[in-house]
Every structure is written in structure tokens, then in C-alpha cells.
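Please open the model below in a viewer and keep the selection panel at hand.

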Amino acid sequence: MSLLLYNFAHSTCSQKVRMVLWEKGLEFENYYIDHKIREQTSEWYLKLNPNGVVPTLDHNGSIIIDSSVIIEYLDEVFPENSLTPEDPVERAHMRKWLRYFEEVPTPSIRVPTFNQYLAKKLAKYSDEEYLELANNHPVRKQFYLNMTKGEGFDNRQTEEAVDRLRQTIVRMEKGLTESGGPWLMGKKLTLADYCVVAILDRMEDLGLAGVWKENKLFIDWFDRIKQRDAFKLTFFKNTRLSEFM
């Protein structure tokens, strides 16, 4: 068995997969893509992942892409320490959470992330270089083009993103109330919990933790998952942008 994970240490999608690998006790090799030279858009990497993003999983030569697809794949192929409910209805409810997290908070967290840490770094690019940068990102081209070079996203776009992140916390608080906790699906820790953790850690790193100050069940859930070894092993030194950039 050979698992090789191409990823960034500070990528939330990469962190999601690393947490699941650690939680399941799976041995894997890290290959850290060099973002400084845009290695994710290099010819050799695009052959593995035509989306030009991380992470990518190589399992004995089989290439699996997309972080949520990867974690479901890992839990299916390695059923020990399962993070998926046995009951089909419960599995459907878990996947409902996965799809929601992919559609709402995952794209939203990129907006304040770029505003605070990456927009200024891109200011040094000429207009031609910036356009080339955008064009070289297969699935993120419009994301770059929607951002003002050197400034980031405008107030409306930023407010919309933060509102979606706030909506996520409200949805999770409601879900924890309905499930009875301690996890989103009730007594069983699942992929749904780990699908969103890295986004929430990023929110905290960006100074957005005030969004959940009134959500006690959510706060207890977040504190609980931070105590797990998988969380501690994933967020080592320089994995947060405030440490890294």
C-alpha cells in the first residue's frame, strides 16, 4: 500500500485530507507543491490534476483528485476506523453536509484569505503577468479576474463571503442541536466533521472567530475536535497563513 499526497501545508483542502488520513491512522508520504514557483500549474502536475489545484492523491498509481472525493475514497478503500455511517439514510445525510460545505464555506473562505494575505503579493505583477497568472489556473481563472490586482475583492464581495461563512456556523449550530451531538451526525464522528474543520481554523486565523461567539454548541464542537490527535498533527508549525506568510 502506497499513499502519496501532493499538497500545500497551508491549503485548507489539503488540511482536510491530512486530518482524515491521520484520523484513520493511515501512513502516507507528503509531497509539498512549491506554490512560490506555481508548481501546481506546471506541466507535470497538470498531467496528474488538470484542475491545477491541491490536493492530489496517488494510491498505488491511481490518481484521485478533489479533496472531498479523496476523503470519501479513503474511507471506502480503508474501512477500518470508518468515518461514514453504516445506515444508507445516515450516509445520505452525511453527504448532504459534504455538499453544503463544498458549495458554501469552501469557496467563501478564499475571499478573506486573498484579501488579507495574497492580494498584496500580487501587486508586483504587471497587468500582462497577472492575466497570464489567471489564464494558467484552469479552474480559478475567473476567481483571479474578479479580484482587483493588489487590492483583493471589493466590499460587496467580501461581505457576501463572510455572510456565507456566518450562515455555515448557524447551520452547524442547528445541526448539532438536532443531532444531539457531540458531532454533526450525532454520536459518530464522520467525514462531515472533518470536511469543514480547516475552513473554520482559517476563519480563526483570519480574525473571524467573532462570527460564532454566540454559538455555544458550535464552540464546544470546535474545542472538542481541536483536542483530537488528527487535528494536532495536521496543524503543525507554519501551516497557518499568519505564521507562514
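**A charge over a ring**

Select Lys226 and Phe222: the charged end of Lys226 sits over the ring of Phe222, 4.2 Å from the ring centre. A charge counts as sitting over a ring if NZ of Lys or CZ of Arg is within 6 Å of the ring centre and within 35 degrees of the ring normal. This is a predicted model, in which local features need pLDDT of at least 70 and side-chain atom pairs count only at pLDDT 80 or more, while totals for chains, interfaces and linings use all residues. Residues are numbered from 1 along each chain as its sequence is written, and side-chain values use heavy atoms, with hydrogens and water left out.

Next, select Arg224 and Trp183. The charged end of Arg224 sits over the ring of Trp183, at 5.8 Å from its centre.

**Aromatic pairs**

Now display the rings of Phe, Tyr and Trp (its six-membered ring), which pair if their centres lie within 6.5 Å; planes under 30 degrees apart count as stacked, over 60 as edge-to-face and the rest as tilted. The structure holds 19 aromatic pairs. One of them joins Tyr31 and Trp44, whose ring centres are 5.7 Å apart and whose planes stand at 70°, so the pair is edge-to-face. Tyr31 belongs to strand 2 (residues 29–32) and Trp44 to helix 2 (residues 43–48), so the pair ties together parts that are 13 residues apart in sequence. Helices (H or I, at least four residues) and strands (E, at least two) are DSSP runs, numbered from the N terminus.

Colour by relative accessible area (buried under 20%, exposed over 50%, partly exposed in between; 1.4 Å probe, protein chains only). Tyr31 is partly exposed at 32%, and Trp44 is partly exposed at 34%.

Move to Trp212 and Phe222: their ring centres lie 5.6 Å apart with planes at 90°, so this pair is edge-to-face. Trp212 is buried at 6%, and Phe222 is buried at 2%.

Then select Phe114, Tyr130, Phe143, Tyr144 and Phe153, which form one aromatic cluster.

Finally, switch to a cartoon view. Four strands make an open sheet in the order 2-1-3-4, with mixed pairing; two strands pair if DSSP finds at least two bridges between them. Strand 2 and strand 4 (62–65) are the edge strands, each pairing on one side only. Strand 1 (residues 3–7) and strand 2 run parallel and are joined by four bridges. Within this region, Leu4 stands opposite Glu29 in strand 2.
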